[in-house]
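The points are grouped by topic below.

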Amino acid sequence: NFFIDRGTDNLRLNQYLIFVGTKATGKSTALNASLEVLSHLNSQVWDWQPTSGVLPPLHHEHPFHVRMLPEDTNQETLVRLLSPKRMSLTLANGIEQEIRVESTGILALDELATFLGRDTWAISKRVPFLTRLYADKRYTYHTQKGGTITLIDCALSLLACCTPDWMRDAISPLM
């Protein structure tokens with residue numbers, strides 16, 4: 001949920017962080033520590049008073065929380081979870097204000113190989129998908145049932161773990 005206002009548009013910062021190491025080198029420990037920081041951010045940082053009123057209690061769904069996306073997801077589910085939403089926010093003075101929750105989220109993967117797949121076809125499909133989410137201001141996805149979902153100002157950040165062997169094997173077919 002972080003952007004830089006450049007005057008004419010917003011620059012979304014998609015962050016792809018991959019912990020690469022052999023087995024038992026602490027990749028998962030580093031990943032879990034990162035997720036703990038994000039969890040702490042969600043529970044603490046939004047305890048501020050905007051000039052227009054007070055934010056909802058922290059135990060309720062909050063429009064500015066960092067969306068943590070499930071690890072075991074396919075492409076369509078990921079797009080559905082990132083779809084923009086509108087939430088109603090009741091200010092301290094009792095006035096309802098509508099907030100747009102943008103197409104942002106973080107995908108934490110204990111094993112990058114599980115998400116991308118081990119075969120060339122899965123890798124060649126998911127890598128361009130992630131690249132388009134990174135690059136496109138508007139991303140339109142056509143669902144299996146014929147509907148469409150449009151993501152606006154998408155910012156998907158990725159935290160993942162993988163071994164050097166798998167990374168080399170995954171990148172080789174794409175080069």
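In this predicted model, tyrosine 141 stands opposite isoleucine 149 of strand S9. The pairing behind this contact is antiparallel: S8 (residues 138-142) and S9 (residues 148-152) are joined over five bridges.

**Hairpin of S8 and S9**
- Five residues lie between the two strands of the hairpin, and glycine 146 takes a positive phi near 95°.
- In a regular strand, side chains alternate between the two faces of the sheet.
- On S8, Tyr139 and Tyr141 make up the covered face, while Arg138, Thr140 and His142 make up the uncovered one.

- Strands of a sheet pair through backbone hydrogen bonds, in either the parallel or the antiparallel sense.
- An open sheet of four strands runs in the order S3-S10-S7-S4, and its pairing is parallel.
- Strand S3 (16-20) and strand S4 (68-69) are its edge strands, since each pairs on one side only.
- S7 and S10 (residues 155-162) share six bridges in the parallel sense.
- Glycine 105 stands opposite leucine 156, which belongs to S10.

- Aspartate 110 counts as partly exposed because its relative accessibility is 33%, and the partly exposed class lies between under 20% (buried) and over 50% (exposed).

How values were computed
Residues numbered from 1 in each chain as written. Predicted model: local features only at pLDDT ≥ 70, side-chain atom pairs only at ≥ 80, totals over all residues. Heavy atoms only, no water. Buried < 20%, exposed > 50% of the residue type's maximum accessible area, 1.4 Å probe, protein only. Pairing = 2+ DSSP bridges.
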